[in-house]
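Here are some comments to read alongside the structure. Please keep the model open while going through the points.

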Amino acid sequence: MDRTELMDLYRQMVLIRRIEERSSELYAQGKIGGFLHLYIGQEAVCVGAISALRLDDHVITAYRDHGQALALNLDPKAIMAELLGKVTGVSKGKGGSMHLADVGKHFWGGYAIVGGHLPLATGLGLAAKYREEDWCVLCFLGDGSTNIGYFHESLNLAAVWKLPVVFLCENNKYGMGTEVSRASAVTEMIQKASAYCIPASQVDGMDVLAVREATANAAAHARSGQGPYFLEAITYRFRGHSMGDPERYRKPEEIEEWRKKDPIGKFQKQLLDEKSAELVEFESIEAHVETEVADAIAFAEASPFPPPEALFEDIYVNP
């Protein structure tokens, strides 16, 4: 990667972090309704993975979806407007936090049902194979979704039909408030892929370049016609499962230990140590991001809510 690309990865992670922090504030003020699942701490996973894709590849994810949307360059103004339920949002204000999507960017959205998007990822992979096209599907999922039926059905058929799907499990150690070992007999998610003869590997989810490289290799495997690949990113969310999470299930010391591995600070230090950038450049990026986020919030707050009749629009696809 050249220097410009490296700095853009940093910019994306900072943008995600600032959007999430401001979203937390807006939620506390009652301006964001419903549920809000923050991605703080996991930025390196989506930024690294999506940077390894081609423009014709497809992405689908679960309900912690703000990071993926921003990494795919969806307009921050439209994302913030969607969070506030405004008509200028990416889903016209009717989807909210858990249902960001942009068909034009092959982003098939966030899904609120745990694991509900996994069969859709397999279906997208089937479409690619049926059309004899060589794009792949990147499917983000959480460790908690590996214990449900959708997971096993989806991986099984993807393997049987040799579909071009990369299943990327963001293992942040907790399914809601339950630690992995208390919910899964297998604590390494990659072992579950072996049941379906799917090649798998683990990657440090706090290292953006490691995630990028691992995803590039996984995507190349999927596109080659050899079938799906399973990638497990070991990561951590610094905030609760959602804004309503009292976080009584983990110790502050544990969170602080993981904060020492903050993917943004880690990447900045790496670039500084390698003399790939200077501190003033990072400060410039952060200042620009602050302005961009402030503009997005101002746009969202000034936008109108959908009118009542909008409830009856977009129910069916136009012929």
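Which residues in H1 meet which residues in H11?

1. This is a predicted model, and the points below should be read with that in mind. On the H1 side of the contact are Arg-3, Met-7, Tyr-10, Arg-11, Val-14, Leu-15, Arg-18, Ile-19, Arg-22 and Leu-26. They meet Glu-281, Phe-282, Ile-285, Glu-286, Val-289, Glu-290, Glu-292, Val-293, Ile-297 and Glu-301 in H11. Sorted by class, the contact of H1 with H11 has 11 nonpolar and nine charged residues, and no polar ones.

2. Two packed helices are described by the angle between their axes and the distance between the axes. Helix H1 covers residues 3–28 and helix H11 covers residues 279–302. Their axes are 9 Å apart, and the packing angle is about 45°. The crossing of H1 and H11 is right-handed.

3. H11 also packs with H4. The axes of H4 and H11 cross at roughly 50° and come within 8 Å. H4 and H11 are therefore oblique to each other, and H4 passes H11 in a right-handed crossing. From H4, the contact uses Pro-76, Lys-77, Met-80 and Ala-81. From H11, it uses Glu-292, Asp-295, Ala-296, Ile-297, Phe-299 and Ala-300. By class, the contact of H4 with H11 has seven nonpolar and three charged residues, with no polar ones.

4. Is Ser-303 buried or exposed? Ser-303 has a relative accessible area of 8%; under 20% counts as buried, so Ser-303 is buried. A polar atom of the Ser-303 side chain lies 2.7 Å from the backbone oxygen of Phe-299. Leaving aside residues up to four places away in sequence, Ser-303 touches Lys-86 and Thr-88.

5. Helix H8 spans residues 208–223, and H2 packs with H8 at an angle of about 40°, with the axes 7 Å apart. That angle makes H2 oblique to H8. The crossing of H2 and H8 is right-handed. In H2, the residues in contact are Ala-44, Val-45, Val-47, Gly-48, Ala-49 and Ser-51, and in H8 they are Val-208, Val-211, Arg-212 and Thr-215. By class, this contact of H2 with H8 has six nonpolar, three polar and one charged residues.

6. Leu-53 is in the loop between helix H2 (43–51) and strand E1 (58–61). Its relative accessible area is 16%, so Leu-53 is buried. How many residues apart along the chain are Leu-53 and Ala-220? They are 167 residues apart, yet their C-alpha atoms are separated by 9.5 Å. Not counting residues up to four places away in sequence, Leu-53 touches Val-59, Leu-138 and Arg-223.

7. Arg-250 deserves a look. It lies in the loop between strand E8 (229–234) and helix H9 (252–259). With a relative accessibility of 6%, Arg-250 counts as buried. Which backbone oxygens are involved with its side chain? The side chain of Arg-250 reaches the backbone oxygen of Arg-237 at 3.0 Å. A polar atom of the Arg-250 side chain also lies 2.8 Å from the backbone oxygen of Arg-239. Beyond residues up to four places away in sequence, Arg-250 touches Tyr-174, Tyr-236, Arg-237, Phe-238, Arg-239, Gly-240 and Ile-255.

8. His-106 is not a glycine, although its phi is positive, at about 60°. His-106 is found in the loop between helix H4 (76–83) and strand E2 (107–110), and is partly exposed, with a relative accessible area of 23%. Met-176, also a residue other than glycine, has a positive phi near 55°. Met-176 lies in the loop between strand E5 (174–175) and strand E6 (178–179). With a relative accessible area of 53%, Met-176 is exposed.

Methods. Residues are numbered from 1 along each chain as its sequence is written. This is a predicted model: local features need pLDDT of at least 70, side-chain atom pairs count only at pLDDT 80 or more; totals for chains, interfaces and linings use all residues. Side-chain values use heavy atoms; hydrogens and water are left out. Helices (H or I, at least four residues) and strands (E, at least two) are DSSP runs, numbered from the N terminus. Buried means under 20% relative accessible area, exposed over 50%, partly exposed in between (1.4 Å probe, protein chains only). Axes are lines fitted to C-alpha atoms, for helices over the stretch in contact, and angles run from 0 to 180 degrees between N-to-C directions. A crossing is left-handed if the near helix is turned anticlockwise from the far one by less than a right angle, and right-handed if clockwise. Contact means heavy atoms within 4.5 Å. Ala, Val, Leu, Ile, Met, Phe, Trp, Tyr, Cys and Pro count as nonpolar, Asp, Glu, Lys and Arg as charged, and the others, Gly among them, as polar. A polar contact is a pair of N or O atoms within 3.5 Å; within protein, one must be able to donate a hydrogen and the other to accept it, and residues adjacent in sequence count only if both atoms are side-chain atoms. Angles under 35 degrees count as roughly parallel, over 145 as roughly antiparallel, 65 to 115 as roughly perpendicular and the rest as oblique.
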